[in-house]
Amino acid sequence: MSIEQSSGPGPVGGGAVKLLGRSADLEFFGELRRRLADGGTGTAVLLEGPAGVGKTALLEAAAGGARASGFRVLRFAGVESEVTLAYSGLHQLLFGMRDGFDRLPPGQRAVLEGVLGSSVAQAPPERFAASVAVLEALRRTAEDGPVLVVVDDVQWLDRASGDVLEFVARRLSGLPVDLLVAGRAGHAHALDRHGLLRRRVETLDERSAAALLRAAHPGLAPHACERLLREAAGNPLALLELPALLTREQFTGAAALPLSLPVDDRLEALFAPRLRELPAATLELLLVAALEGTGGLRTIWAAYPGGMEAADAALPAAEEAGLVRVDARAGRLVFRHPLVRSAVIRSCRPGRRRAAHRALAEALERDPERRIGHLVAASLGPEEHLAADLEQAGHAALGRGSAALAVTALRRAAELSPEPAERSRRLAHAAYAAAQSGALDVTAVLVDDGYWERASPQDTARATLARVYTLLETDGDATAAHRLLTGVIDGLLAAGTDGAETGGAGRQPSPAAVREVVGELQFLLTLVAFYAQRTDLWPEVLERCQDAPDQVRLYCLAFDAPQERAPEVRRRIRRAFAALPPDAGPRPVTQLSMLSVYFDEASEYREHWMRVARRSREGGTFVQWSYGTILLGHEAFFAGRFTEAEALAREGLAMAEELGHRLAGFRLASQLALVAAVRGDAETVGTLTRTILAWSEPRRLGLLQVSARQARALLALGQGDYETAYRDCALVSPPGTLPPLNPRAIWSVYDLVEAAVYTGRTAAARVHVALARSACLGELSPRLALLTHAAAALAGPVETAEAGFRRALAVADVHAPFDRARVQLAFGRWLRAHGRDPEAAREHLTAALHTLEELGAAPWAAAAGTELAALTPPAEPEPLDEEGLLTPQELQIADLAATGLSNKEIGARLYISPRTVSTHLYNIFPKLGIRSRAALRDALGAQARAAHGDGHVEYVDAPVI
């Protein structure tokens, strides 16, 4: 089907057509055109496939390709409402050919004019005469060039037109005319009797279906996308139509999708004709099966009136219509296409659907979770026991990371609550679930909808959690969030300790309920302080978290004094992860993971994060998913997988923008800035960091300011602008300090030392190295051990530096290629600058250059290349003698390098390794008397002039091979 970009939910608009998953079909059409253009004979082809599979789109593509190749294209289509009108289809064809009727003999022209109704003929022409006349008209038309006749919906072609078409199809031999016909599989038509070349149009494969869905409906929530892909089963029409029928909350993932997806008239038309022909008992059976959802025969039999025997009697009609089949081995009734379920449900009245839901609820007595959905669908008014069941299911769903499902269950539970106090309580939980799902607009509606004057303190607290999430993500107002949280914590603790009654129902809060809500509030309070990095707010946080849950106290320990407690925090993180149960929900895993990344434990718990991200993505829990995406992005960045880190950040940023999560969006943007900094993309870094700082500075969100400055410092280091790098690093972490609430400062230790050393601030660098050592940062991870040793070597005295660098590079299990290459570059630079061991310098610089080019870290790679070139004194700028000329392979490599290709790209073109390319370049530079690639073009021109003795030789870029 066609792909056009769309800005959100809704049908696809106009635009350029691009077919996905149809390359074989398009190549087939191209071969037909080439054969006919080369003088071959005409071919009649029948495209067959189910409704909505994309036959019409393929006909459009074939017609477009034919026109572009100089063919004349003639088109007509069958119309269901005109199937009884003789020659109604042929009328369309002839109307497009009438300009050539004057070429025909008078008798045949009269026949065709009779079909068009423009002659005085009193009756439709006889079919043989019409067939001969149409064939002759096509032959005369083809005298001007090849012709393609395109016929769509042949199953709705009237009988007379079908007979003419069959006659023509049999006699295309010798004519430069192709006939391309499309028909719905399983429907009889005239061309069934003729041996046309048949080509089956299949549904889209999984990858093409996903690409179509993403392109046609950008912003569709991941778990909704996966459900729609299952329901559409590769049918392009369904992929385009279904998302447009969702509510905005369902589209963005804020609400769960319904048991059966809605269908519109176009989708219903795919199956409605067959449904209308079924007996009432068969349709009733299909309704029960469609609402049951899993196809379980035992449940369907139990819910169907009359049981198994009646179901067996009603089933054959549906099987014969091609709508269902029985999988006896699995004990399931399987719909031939998932959309049949939706079409069946839509075809039945609401009363019949409610009755079927009630029957299924009774049949699922021992399956409470599935039973609840049917009871909800069958209910019409408030019912406390049903509301309680829904609330329980909602909490279970939220614990599993299915926030969208939880919102649906808890909202419905509130609607079914007879008591106002219970309604408020359930609305508070629904608002919290909505905040977790990322649906901030739904959160606001639910918070405003609560009867808070009747609510208990813990219900008000739960609503405050939702309100604070919304406040932080939309406005970034950490001060207001802090004020709200401290006030509600104080009020809730007082209510929980003095035994005051709560809510309209007069019930007292349970200690466990109070502890749970207070724990969540305390965690969010520490997170607000972390985002703001406001030391003036920190004492109030510590005061209110003295009796907090273990994980909250671990946060307080980590944020309070990173320089003193980093190793202890790391040990506690490991113990806490080890103590997690196998079925731990997303929240505790995410909380621990957020700490682990700041203390460089990223790779240790990657599987935990991936599991949380996957579950949260599937369940529509955007908050947990965004945290997981940020963490996975950091882990990928430190591991040198920059493309992966960028892809994660872009995916998360797109979703954050769709849902209006500005704070999460800026955190993800800062990850993009880090990747751009490594690559030397100054424009992107500048744009992103200016935007981040413009939003975060007025709001005093220190975390975002630190993130932006770390990216700017990294860019400046790569460019050799060490003064700018030092200023930004010192704002992140002044020399000799790891500020409270800022564990990210651990990441900048080596950056600050390098910038300080290269700007002559050796004393400041040594103070920071001493801090890193006293904080035992080298014990946190192999990566930090590498960087801490390297920083000490860089800032230390000359007599210990070489040993320090070797100690750094000897650290085992360092899975951080970018950081290791930076240290190799620094060591090679130091060895060259101090005249030490040029072979060792060459070895480390070569290794650094190779890694940095592989990673795409262009500025650092350029620096390594410059250092390598400087190892060999420049050649005298005298004309080169015969022995000084480059070898043929050296000249080829130099030519390609002069065009800007990397060593990897040159190696791929010449079928040699990048290391071999590097070795040749190191021999080429001194021969040409240059130190960098930038001088290659001029040097090659000089060599050419020396070789030819001609001062007018112009350098031309080497051809790419």
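**Contacts, sheet and helices in a predicted model**

Trainee: Which residues does R534 touch, not counting residues up to four places away in sequence?
Mentor: R534 touches T479, A529, R700 and L741, once residues up to four places away in sequence are set aside. Please keep in mind throughout that this is a predicted model.

Trainee: And where is the place of R534?
Mentor: R534 sits in the loop between α25 (511-532) and α26 (538-544).

Trainee: Why does R534 count as buried?
Mentor: Its relative accessibility is 9%, and R534 therefore counts as buried because buried means under 20% relative accessible area.

Trainee: What about C776, what is its phi near?
Mentor: The phi of C776 is near 55°, which is again a positive value in a residue other than glycine. C776 lies in the loop between α38 (762-774) and α39 (782-795), and with a relative accessible area of 28% C776 is partly exposed.

Trainee: Changing topic to the sheet: what order do the 5 strands have?
Mentor: The order is β2-β3-β4-β1-β5, in an open sheet with parallel pairing. β2 (72-77) and β5 (197-200) stand at the edges with a single partner strand each, so that one side of each is left without a neighbour in the sheet. From one strand to the next, the twist averages 20°.

Trainee: How many bridges join β1 to β5?
Mentor: There are 4 bridges between strand β1 (residues 44-49) and β5, which run parallel, and within this pair L46 stands opposite R198 in β5.

Trainee: And how many bridges pair β2 with β3?
Mentor: β2 and β3 pair in the parallel sense over 6 bridges, with R72 opposite V147 in β3. On to the next pair, β3 and β4 are joined in the parallel sense over 5 bridges, where the bridge partner of V151 is V181 in β4.

Trainee: Which strands does helix α3 lie across?
Mentor: Helix α3 (residues 88-95) lies across β2 and β3 (147-152), and runs at about 160° to β2. α6 also packs on the sheet, where this helix touches β1, β2, β3 and β4, and its direction makes about 135° with that of β4.

Trainee: What comes between α6 and β4, and where is P176?
Mentor: A loop lies between α6 (159-170) and β4 (177-184), and P176 is in that loop. P176 is partly exposed, with a relative accessible area of 26%. Not counting residues up to four places away in sequence, P176 touches L36, A142, P146 and V147.

Trainee: One more topic: at what angle do the axes of α7 and α8 cross?
Mentor: The axes of helix α7 (residues 206-216) and helix α8 (residues 222-232) cross at roughly 125° and come within 10 Å. The two helices are therefore oblique to each other, and α7 passes α8 in a right-handed crossing.

Trainee: Which residues of α7 and α8 meet there?
Mentor: A209, A210 and L213 in α7 meet C225, L228 and L229 in α8. By class, this contact has 6 nonpolar, no polar and no charged residues.

Definitions and conventions:
Residues are numbered from 1 along each chain as its sequence is written. This is a predicted model: local features need pLDDT of at least 70, side-chain atom pairs count only at pLDDT 80 or more; totals for chains, interfaces and linings use all residues. Side-chain values use heavy atoms; hydrogens and water are left out. Buried means under 20% relative accessible area, exposed over 50%, partly exposed in between (1.4 Å probe, protein chains only). Contact means heavy atoms within 4.5 Å. Axes are lines fitted to C-alpha atoms, for helices over the stretch in contact, and angles run from 0 to 180 degrees between N-to-C directions. Angles under 35 degrees count as roughly parallel, over 145 as roughly antiparallel, 65 to 115 as roughly perpendicular and the rest as oblique. A crossing is left-handed if the near helix is turned anticlockwise from the far one by less than a right angle, and right-handed if clockwise. Ala, Val, Leu, Ile, Met, Phe, Trp, Tyr, Cys and Pro count as nonpolar, Asp, Glu, Lys and Arg as charged, and the others, Gly among them, as polar. Two strands pair if DSSP finds at least two bridges between them.
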